[in-house]
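Trainee: Could we go through this one together? I'd like to begin with the terms and then work towards the details.

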Amino acid sequence: MVKELLELSALELGAAIKTGDISVTEATETALETMAEREGDLNCFITAAEQAIDRAKALQAGVRDAESPLYGVPMALKDNICTKGLKTCCASKILGDFAPPYDAAAAERLTAAGTVLLGKLNMDEFAMGSTTETSFYGPTRNPWDTSRVSGGSSGGAAAAVAARECFFALGSDTGGSIRQPASYCGVTGMKPTYGTVSRYGLIAYASSLDQIGPIARTAADCAAVLDAIRGKDKRDATSLDLPAGSLLAGLTGDIRGMRIGLPAECFADGLHPQVSAAVHAAADVLKDRGAQVETFPFPLMEYMVPTYYILACAEASSNLSRFDGVKYGWRAPEYEDLTDLYCRTRTEGFGAEVKRRILLGAFVLSSGYYDAYYKKALQVRALIKEAFDRAFQRYDLLLTPVSPTTAPALGESLSEALKMYLSDIYTVSVNLSGLSALSMPCGFDEKGLPIGAQLIGPALGDGTVLNAAHAFQLSTDYHKRSPYGKEAD
């Protein structure tokens, strides 16, 4: 029964808890046992929630009256999503053992939905990286091949879901940080429209780009999680007032007549042939289900990555200025005066990649280079958004790869920072434009590593994106495959 339980999606588990076939305690104990068995190889978690079993026992008494489809389901949160009294350090040294005095809005809403928090997940330090190798706590390894990365920055979340250590997780996506690790780990990850989920309690990297979203086994699970966490929050002025429960209810699987465009430039040089073939095969599946699919020209691809990194690093240099060793977090043990305290704490407390991005951001914002870099990047951002607006006048959705390759070997990307940055080429434009997008497993390469396809929708097109992914998953079984073989065997 334990192995069969692990193969349930979050919604399937929630339904089994509601009928009494599985108890909340049993589900939580099974997840914790799986964590204990696999964490030594994977390193998905930074901090475990010690009260998980007590929480599960308390929830069991309310099963009969539960309304949420996720009631009793064990889940986990990326380590940049604040949890009251539970260590939240963004996988960094400088935040030390910081335990926030409040919960993030998304965490509050999952608690209200009756979920069980298992712990906080590993990530790239301050969400800066594409492999989860910049974490102060060491890299998270890919469950499909532990010699390879899990992706990033939400690599711990994607790997934990793939390894069945939790039934869903929340990550954050600044330039692909949910979708890319979901692709590498063979799970489904959703970056919702900017403003869909409150950013209150999300420790900021780049405020105009950051968005919380779900990583789960299926598109239906993602819809249910988003239904639970999205909506207006008075503590976040950018949050949107959206109807509750509408995303899951809208998953009909009917995509007849849907117009889907394949941007030609996303399938040009630099894309691995097996990734290209798998994404084109996904297009054929969608076509078989009644969608109209065609290739079209989409300019500006060469400007996506530089525009993103200029703007993201500029915002990061401002957001991370608050970490100085004075009010909270780690402090350099030896210093001469206040200025020296700042200098030593930040020099010793931040990792190399974070310092690189802070310096780049400070450079492009400096008086001599502001117009040449930051201002120009803002102008190109507007052009990118206009290009998407034109595309969505013709198409309901766009279909692209998530990453040019499958998961690289550990150490390979860190030795070439530019190569790591270029791995985000298909994802960053979604954040620059505030759009909705989802990564769904669509195949495997010759080494048995998962390949993901990305569905991109317009702003507030989250329901259309999820329904198309749901239709694809009704016709395929890639999302059901496990890196451990059939768990029920």
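Mentor: Let us settle one cut-off before anything else: a residue counts as buried when its relative accessible area is under 20%, as exposed when it is over 50%, and as partly exposed in between. Please also keep in mind that this is a predicted model.

Trainee: Okay, so is K120 buried or exposed?

Mentor: K120 has 0% relative accessibility, so it counts as buried.

Trainee: And which side chain does K120 meet in a salt bridge?

Mentor: The partner is D79, with an N to O distance of 4.0 Å.

Trainee: What about R259, which residue does it pair with?

Mentor: R259 forms a salt bridge with D396, and their closest N and O atoms are 3.2 Å apart. Because R259 lies in strand 9 (residues 259–263) and D396 in the loop between helix 14 (370–394) and strand 11 (397–401), this pair ties together parts that are 137 residues apart in sequence. R259 counts as partly exposed at 33% relative accessibility, and D396 is likewise partly exposed, with a relative accessible area of 26%.

Trainee: Which residues are linked in a network of salt bridges?

Mentor: Such a network links E7, R164 and R217.

Trainee: Switching topic: in the largest nonpolar core, which residues touch the most other members?

Mentor: Those are F126 and L466, in a core of 151 residues, to which helix 11 (residues 301–319) gives the most, with 11 residues. Leaving aside residues up to four places away in sequence, L466 touches M190, A219, C222, A223, L226, L247, L251 and L438.

Trainee: And where does F126 lie?

Mentor: F126 lies in the loop between strand 3 and strand 4 (141–142), and at 2% relative accessibility it counts as buried.

Trainee: Which peptide bond is cis?

Mentor: The bond from G152 to S153 is cis, with omega near 10°, and S153 lies in the loop between strand 5 (145–149) and helix 6 (155–162).

Trainee: Last topic, the largest pocket: how much space lies in it?

Mentor: About 520 Å³. It is lined by 31 residues, of which G270, S403, P404, T405 and K419 are the closest to its centre. The lining divides into 12 nonpolar, 11 polar and 8 charged residues.

Trainee: Which helices each supply at least two residues of that lining?

Mentor: They are helix 7 (179–185), helix 10 (273–288) and helix 15 (417–422), and the largest share, 3 residues, comes from helix 15.

Key: Residues numbered from 1 in each chain as written. Predicted model: local features only at pLDDT ≥ 70, side-chain atom pairs only at ≥ 80, totals over all residues. Heavy atoms only, no water. 1 Å grid on protein atoms, 1.4 Å probe; cavity = no way out; pocket = protein on both sides within 12 Å on 5 of 7 lines; lining within 4 Å. Points joined across faces, edges and corners; volume = space filled by probe spheres on them. Helix = DSSP H or I, 4+ residues; strand = E, 2+ residues; numbered from the N terminus. Nonpolar A, V, L, I, M, F, W, Y, C, P; charged D, E, K, R; others polar. Buried < 20%, exposed > 50% of the residue type's maximum accessible area, 1.4 Å probe, protein only. Core = buried A, V, L, I, M, F, W, Y, C linked by side-chain atoms within 4.5 Å. Contact = heavy atoms within 4.5 Å.
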